[in-house]
Amino acid sequence: MLLMKLVIISFDEPFFIPLLFKPLFKSYPELIKAVIIIPQTTGRKGLINFVKKQLSIAGPTAFAIKGFEYLIFRVGTILGILDKSLVSLARKRNISLFYTNSINDKKTAKVLKKIMPDYVITQVPEKIENNILKLARVG
């Protein structure tokens with residue numbers, strides 16, 4: 001039986017990404033050949049506007065709690081003690097892990113050309129250029 005090859009490209013955060021990808025890592029770890037992490041962006045308006053927007057949505061108490069959870073997440077990921085990130089899911093299963101500045105940069109293309117995946121699963125806040133889309137055999 002010929003197995004598919006998957007590559008996941010995403011930013012890493014503790015709230016939604018793990019919920020999205022954890023079942024895939026648990027059920028089909030042998031299919032995932034690499035995880036590419038891109039930086040999480042705050043949009044075109046910058047960090048201050050992002051914080052203002054989050055405060056207006058969540059309120060100061062919930063914002064403070066989520067901020068503290070995010071801090072714990074970052075420290076736990078760096079120390080390798082939390083299984084609440086895409087990075088830790090990949091490390092735990094010895095899946096190749098790469099860091100790039102954008103889904104569209106040369107390093108991303110180089111990794112995809114080397115692995116030649118059947119599918120690339122993405123969760124990114126940017127438009128994916130055609131030269132990257134074409135590097136997956138199926139989609």
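So, where is the place of V75? V75 sits in helix α2, with helices (H or I, at least four residues) and strands (E, at least two) taken as DSSP runs and numbered from the N terminus.

Before going on, a word on what we're looking at. This is a predicted model, where local features need pLDDT of at least 70 and side-chain atom pairs count only at pLDDT 80 or more, while totals for chains, interfaces and linings use all residues. Residues are numbered from 1 along each chain as its sequence is written, and side-chain values use heavy atoms, with hydrogens and water left out.

Okay, back to V75. It counts as partly exposed because its relative accessibility is 42%; buried is under 20% relative accessible area, exposed is over 50%, and partly exposed is in between (1.4 Å probe, protein chains only). V75 also belongs to a nonpolar surface patch with F68, L71, I72, I78, L79 and I81, and together they have about 750 Å² of accessible area. Patches take residues with over 30% relative accessible area and no salt bridge, joining nonpolar side chains (Val, Leu, Ile, Met, Phe, Trp, Tyr) within 5 Å and like charges within 9 Å. The areas are Shrake-Rupley with a 1.4 Å probe, and for residues only the protein chains shown count as cover.

Searching the whole structure turns up two. One joins K66 to E69, with the closest N and O atoms 3.3 Å apart. Both residues are in helix α2, three residues apart, so about one turn of the helix. K66 is partly exposed at 43% relative accessible area, and E69 counts as partly exposed at 31%.

Then there's D118 with R137, whose side chains meet at 2.6 Å, N to O. That pair links distant parts of the chain, 19 residues apart: D118 is in the loop between α4 and β4, and R137 is in the segment after α5 (130–133). Which of the two is buried and which is exposed? D118 is buried, with a relative accessible area of 8%, whereas R137 is exposed at 65%.

Now the second largest pocket, which holds about 170 Å³ of space. Of its 14 lining residues, D12, I37, R74, V87 and Y99 are the closest to the centre. α2 (46–79) and α3 (86–92) are the elements giving two or more residues to that lining, and α2 has the largest share, with three.

Most residues other than glycine have a negative phi. N94 isn't a glycine, yet has a positive phi of about 55°. N94 lies in the loop between α3 and β3 (96–99) and counts as exposed at 72% relative accessibility. M116 also has a positive phi, near 50°. You'll find M116 in the loop between α4 and β4 (119–123), and at 55% relative accessibility M116 counts as exposed.

One more from α4 (residues 106–115): K114 lies in that helix and is exposed at 74%. K114 and L135 are 21 residues apart in sequence and 9.8 Å apart in space, C-alpha to C-alpha.

How values were computed: On a 1 Å grid over the protein atoms alone, a cavity is a set of points where a 1.4 Å probe fits but cannot get out, and a pocket is an open set with protein on both sides within 12 Å along at least five of seven lines; lining residues have an atom within 4 Å of a point. Grid points are joined across faces, edges and corners, and a volume is the space filled by probe spheres set on the points. A salt bridge is a side-chain nitrogen of Lys or Arg within 4 Å of a carboxyl oxygen of Asp or Glu.
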